[in-house]
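Student: I would like to learn how to read a protein model, one feature at a time. Could we work through this one together?

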Amino acid sequence: MKRNLLDNLPFGMPQEIFTTLVRATGLRIEQIVSHGHASPADFWYDQSENEWIMLVKGAARLMFEDEIVELVPGDSLTIPAHRRHRVDWTTPDEPTVWLAVFY
């Protein structure tokens, strides 16, 4: 089934939207839509899976304990399991669309 990750994007939603696109043994692919969202100041993701992300649309900033990474469309990044991180900022004037592969 054909799907375009940029079709029918929500606008101004109160929380990020996580949609599982594919799930298989040891693999999950998600579309994440943010719109001016950020992680709470005292929250860190500490995942047991590796995560590869690609920013499809918008802009974002990820914070790690030792660095800040700014992302624009087409940028990708691998986050090893248990590397603590948080979403520091996503653009407030348009949806930010992520493709996330967990493995």
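Student: What is the bridge partner of Ile53 in β8?

Tutor: In β8, Ile53 has Ala100 as its bridge partner. Two strands count as paired if DSSP finds at least two bridges between them. β3 and β8 pass that test with 6 bridges, in the antiparallel sense. Ile53 also stands opposite Leu77 in β6, and β3 (residues 51-57) pairs with β6 over 4 bridges, again antiparallel.

Student: Before we go on, what kind of model is this, and how are its residues numbered?

Tutor: This is a predicted model, in which local features need pLDDT of at least 70 and side-chain atom pairs count only at pLDDT 80 or more, while totals for chains, interfaces and linings use all residues. Residues are numbered from 1 along each chain as its sequence is written, and side-chain values use heavy atoms, with hydrogens and water left out.

Student: How many helices and strands are in the chain?

Tutor: The chain has 0 helices and 8 strands. Its radius of gyration, taken over C-alpha atoms, is 13 Å, close to the 13 Å that the globule rule gives for 103 residues, so the chain is as compact as a globular protein of that length. That rule is 2.2 Å times the number of residues to the power 0.38. The C-alpha trace spans about 35 × 35 × 25 Å along its principal axes.

Student: What is the strand order in the open sheet of 5 strands?

Tutor: The order is β1-β2-β8-β3-β6, with antiparallel pairing. β1 (17-24) and β6 (76-79) are at the edges with a single partner strand each, so one side of each has no neighbour in the sheet. On average, neighbouring strands here are turned by 20° against each other, direction ignored. For such angles, axes are lines fitted to C-alpha atoms, for helices over the stretch in contact, and angles run from 0 to 180 degrees between N-to-C directions. Further along the order, β2 (residues 27-34) and β8 (residues 96-102) pair over 7 bridges in the antiparallel sense. One of the bridge partners there is Val101 in β8, for Ile29.

Student: And what is the order in the open sheet of 3 strands?

Tutor: That order is β5-β4-β7, also with antiparallel pairing. From one strand to the next, the twist averages 25°. β4 (residues 60-64) and β5 pair over 4 bridges, and Ala60 stands opposite Leu71 in β5.

Student: Is His85 buried or exposed?

Tutor: The scale is relative accessible area: buried is under 20%, exposed is over 50%, and partly exposed is in between, using a 1.4 Å probe and protein chains only. His85, in strand β7, is buried at 4%. Contact means heavy atoms within 4.5 Å. Leaving aside neighbours within four places in sequence, His85 is in contact with residues including Trp44, Tyr45, Met63 and Phe64. Of the 103 residues of the chain, 36% count as buried.

Student: How is a pair of aromatic rings described?

Tutor: A pair is described by the distance of the centres and the angle of the planes. Rings of Phe, Tyr and Trp (its six-membered ring) pair if their centres lie within 6.5 Å; planes under 30 degrees apart are stacked, over 60 edge-to-face, and the rest tilted. By this rule there is 1 aromatic pair. Phe43 and Tyr45 form it edge-to-face, at 4.9 Å centre to centre and 85° between the planes. Phe43 is partly exposed at 33% relative accessibility, and Tyr45 is partly exposed at 22%.

Student: Which charged residue sits over the ring of Phe64?

Tutor: A charge sits over a ring if NZ of Lys or CZ of Arg is within 6 Å of the ring centre and within 35 degrees of the ring normal. The charged end of Arg83 is over the Phe64 ring, 3.9 Å from its centre. Arg28 lies over the face of Phe102, at 4.1 Å from the ring centre.

Methods
Helices (H or I, at least four residues) and strands (E, at least two) are DSSP runs, numbered from the N terminus.
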